[in-house]
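Here's a quick briefing for anyone meeting this protein for the first time. Have a look at the picture, then read on.

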Amino acid sequence: MPINRKTMYLIVAVIAIVGLGLTALSIDFGGAIVREQTEKAFQDNLKADLDMGEVKGNPFRGYLLDQVKLLKEGEMILTADIIRVKPAIMSLLSGNPKLSLLEVEGFRSDIPSLNKLLGSLELKGDGGEIPLEKLRFINSALSSTWADADIRDITFTFRGKTIDSRLDLLLNGMPVNGS
């Protein structure tokens with residue numbers, strides 16, 4: 001059965017649209033804006049400087065921030081090997097931007113440094129919903145005078161005003177697991 005000209009054009013158009021879609025998913029764009037806005041947010045809200053290596057990705061597959069360092073008054077507060085940020089696409093279209101995932105791998109810090117950072121945080125707003133669906137720390141470390149936490153995986157899931165958590169870490173060498 002021969003294919004008529006109209007069907008052939010339709011098949012070519014579908015293949016072209018699929019090809020353009022796959023290309024859009026694989027190219028990097030928007031990294032410069034992500035870098036600029038992230039650095040500005042940390043400076044405006046925490047009066048801290050953010051130093052990042054490469055920023056790559058796109059709004060569809062998310063962004064990867066490499067070799068992140070946060071400094072306050074020249075003092076290192078925290079480091080992260082990789083930060084993955086994935087926007088919730090539908091929230092971008094609705095005008096209420098939200099992240100579906102913020103994943104931090106290779107996080108390193110200590111409680112006194114974090115206290116210096118968070119002490120300058122001014123909380124604003126009406127206490128509404130957190131614009132984040134899931135926050136995850138993997139292969140990370142947090143230390144204090146009393147304990148060292150080797151974090152395998154800590155995940156927080158935010159649903160409205162509910163927060164679910166999953167923990168898998170070693171606290172001074174002792175396993176801590178649970179929800």
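This is a predicted model: local features need pLDDT of at least 70, side-chain atom pairs count only at pLDDT 80 or more; totals for chains, interfaces and linings use all residues.

Let's start with one term: a residue is called buried when its relative accessible area is under 20%, and exposed when that value is over 50%.

**The overall build**

- The protein chain has four helices and 10 strands.
- Along its principal axes, the C-alpha trace of the protein chain spans about 80 × 35 × 35 Å.
- The radius of gyration of the protein chain is 21 Å, while a compact globule of 179 residues would come in near 16 Å.

- Of the 179 residues in the protein chain, 26% are buried.
- The protein chain exposes about 11,900 Å², and carbon and sulfur atoms supply 61% of that area.
- Take the contacts in the protein chain with a separation of 6 or more: 44% of them are between residues 24 or more positions apart.

**Charges**

- Side chains in the protein chain include 21 positive and 23 negative ones.
- The centres of those two sets lie 8 Å apart.

**A closer look at Ile154**

- You'll find Ile154 in strand β8, which covers residues 148–159.
- Setting aside neighbours within four places in sequence, Ile154 is in contact with Leu135, Arg136 and Phe137, and also with Arg166, Leu167 and Leu169.
- Ile154 and Gly178 are 24 residues apart in sequence, and their C-alpha atoms are 9.7 Å apart in space.

**And at Thr155**

- Thr155 also has its place in strand β8.
- Is Thr155 buried or exposed? Thr155 counts as buried, because its relative accessibility is 5% and the cut-off for buried is under 20%.
- The side chains of Thr155 and Asp153 are joined by a polar contact of 2.8 Å.
- Leaving out neighbours within four places in sequence, Thr155 is in contact with Lys134, Leu135 and Arg136, plus Asp164, Ser165 and Arg166.
- Leu135, Arg136 and Arg166 turn up among the contacts of Ile154 and among those of Thr155.

Conventions: Residues are numbered from 1 along each chain as its sequence is written. Side-chain values use heavy atoms; hydrogens and water are left out. Helices (H or I, at least four residues) and strands (E, at least two) are DSSP runs, numbered from the N terminus. The radius of gyration is taken over C-alpha atoms; the globule rule is 2.2 Å times the number of residues to the power 0.38. Buried means under 20% relative accessible area, exposed over 50%, partly exposed in between (1.4 Å probe, protein chains only). Contact means heavy atoms within 4.5 Å. Accessible areas come from the Shrake-Rupley method with a 1.4 Å probe; for residues, only the protein chains shown count as cover. Lys and Arg count as positive and Asp and Glu as negative; His and the chain ends are not counted. The place of a charge is taken as NZ of Lys, CZ of Arg, CG of Asp or CD of Glu. A polar contact is a pair of N or O atoms within 3.5 Å; within protein, one must be able to donate a hydrogen and the other to accept it, and residues adjacent in sequence count only if both atoms are side-chain atoms.
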